[in-house]
Every structure is written in structure tokens, then in C-alpha cells.
Amino acid sequence: MRTATALLAMILAAPAVAQTAPAQTLSAEERAALDRTTERGRLLAAYDRVAWLGTDDVQRRLPDWRQKLGGWIVEGPATAPILTFHDRSQPPRALYTARLVGGKLADAKLVPADAAALSPSQLSLIAARDSAAKAMGAAALRPCGPAFNTVVVPPATASDVTAVYFLSAQTKADDMPIGGHYRVDVAPDGRATAPHAFSKGCMTLPPPSAKQRVVGGVVSTLTGPLPNEAHSFVVEAYQRRLFVITPLSGNRMFALKPGAPAVLIPSPATKAR
């Protein structure tokens, strides 16, 4: 049965990980790609967290938030992202801002009307998100759970694409949703690509029971030769270790740990050399 990122999803103990790890190495290009993936996953987790905390806070501050809120965008580095909620007017205007500092919400405030104008770059992020949402709708893609959480990653330069992520939210507390995550790239002219699926279907890893001795969950991915940013995102967002097997590159196994680089696990034969 192929669900979520592929064929396997289970809780695994450390000795079993060592026994299944294949004897292969990483190229310099693969190492660089893994580092970029890890960095993007941390950014997605930081952006997602400030939006989550800000959502709870802005709803307390705005009794009529259902009528006013039109969406949100996040900017800045993973270490200090800045959240902005905007209204439904055209063009949109800012309603609320906050920052994430040390994993907690800081400097949260409602924006006064005389300071509510958004910058051209912020309006571009909102437009990119809306364009990506239309592409998701046209593809009839649905979340693996109650809803998608959107994360818009600002382009590095004016000529780069804006990456818009649609991340399936948790169905219940402590679950780790592996499947149901997508990315849509939006060009500077507003054209959106077809959605890219990071998995072949839906999969959720439950939390280990109190009696289990666990080092992490294991998944197999058929959408690429290396772990992707969705793997890195769930590791950082849910603070759980994950082992990713890649059949497209010789069944290698990678270990992803919160706050650490992704690493290829050498087989016992490799260690003995």
C-alpha cells in the first residue's frame, strides 16, 4: 500500500536503523542541496509558528475578525520573522503585526489606520499567494486534515519566483502529518506553476506510546532522490526526529533531527572501512 511519502511509516528503534542503512556516500552537490533543504524547512517552521501564535492573538484582539481578516504574510529570517495580518480591502491594508522571538510572540499590536498601507513587496506576496491558491483549486488538491496552512517565502531577488507552500495541518495534537504538503512557484509576472506534491498521498505518524523506546519515525519518499523541505519542515515544526529512505537513489537512509543538518547514515560495511 502506498500512502503518504511512500511505502513505509513506522516507529523504529536505533539498532534497526543501523542495520537497514545502505553503504553510499553524498556528493558535494547533494550535501549543498540537503543544507538548502534544511534551511528552507527551518524557515517554513518559523513562519508557520508565528502565524499560528499570531492567529490566536489577533482573534482575541479583534472581536469581528471573521469579517475583517483577509489573510497573512510573513517576512524576514527564521530567527526573527515578522507577521502581518491584512484585511479584505483592495488593495489590502495591514491590521496586525507581530514578531517571533525565541519561539514566542513579541511586539504584537493592531495597526492604526494611518499606518496600514502595505509596501509593494508585501502586496506582491499577497498576490502570489492568491495566484497559487487558484492553481491549487484548479488542480482540485485538498489537505490531509482539516485545512492547509499557507506559507509564502519571499523571493531572494526581484527576478526569482515566490514559493507558496500549502501545508496540511495536524488532525489532532501530537500527530506528525508527513503527507499532504505542496509548493506552488509564482513568477514575477504572477503566473503560477502546477502544484508540486512532496508526497504520493496522505500519511500521519502518531506519537509514540509511553511504553515505546523511540528514536524517530521512518518514511520512504518516491518524489525525489533526497529528503525534501516538507520533511525538514515537519521535523522542525513538531520537534521529532525523522528517518527518510530514498528508493530513487539506491535506498539510502537520511537522518533528520531538529536543529541539526540532515545526514546520510552509513551502513555497517561503510563504517568498517
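Guide: Let's start with a word: a residue is buried if its relative accessible area is under 20%, exposed if over 50%, and partly exposed in between, using a 1.4 Å probe and protein chains only. In this predicted model, 45% of the 273 residues of the protein chain count as buried.

Visitor: Which residues touch the most other members of the largest nonpolar core?

Guide: In soluble globular proteins, nonpolar side chains tend to be buried together. A nonpolar core is a set of buried Ala, Val, Leu, Ile, Met, Phe, Trp, Tyr and Cys residues joined through side-chain atoms within 4.5 Å. The largest one has 42 residues, and Tyr 165, Ile 178 and Leu 242 touch the most other members. Helix 2 (residues 28-61) gives this core its largest share, eleven residues. There's also a second, separate core of 18 residues, including Leu 118 and Phe 166.

Visitor: Is Tyr 165 buried or exposed?

Guide: Buried, with a relative accessible area of 1%. Tyr 165 sits in strand 7 (residues 162-168). Contact means heavy atoms within 4.5 Å; leaving aside neighbours within four places in sequence, the contacts of Tyr 165 include Arg 40, Leu 44 and Phe 198.

Visitor: Which side chain does a polar contact of 2.8 Å join to Tyr 165?

Guide: A polar contact is a pair of N or O atoms within 3.5 Å; within protein, one must be able to donate a hydrogen and the other to accept it, and residues adjacent in sequence count only if both atoms are side-chain atoms. For Tyr 165, the partner is the side chain of Glu 229.

Visitor: Which strands does strand 3 run antiparallel to?

Guide: Two strands pair if DSSP finds at least two bridges between them. Strand 3 (residues 82-87) is joined by six bridges to strand 2 (residues 69-75), and by five to strand 4 (residues 94-101); both pairings are antiparallel. His 86 stands opposite Gly 71 and has Ala 94 as its bridge partner in strand 4.

Conventions: Residues numbered from 1 in each chain as written. Predicted model: local features only at pLDDT ≥ 70, side-chain atom pairs only at ≥ 80, totals over all residues. Heavy atoms only, no water. Helix = DSSP H or I, 4+ residues; strand = E, 2+ residues; numbered from the N terminus.
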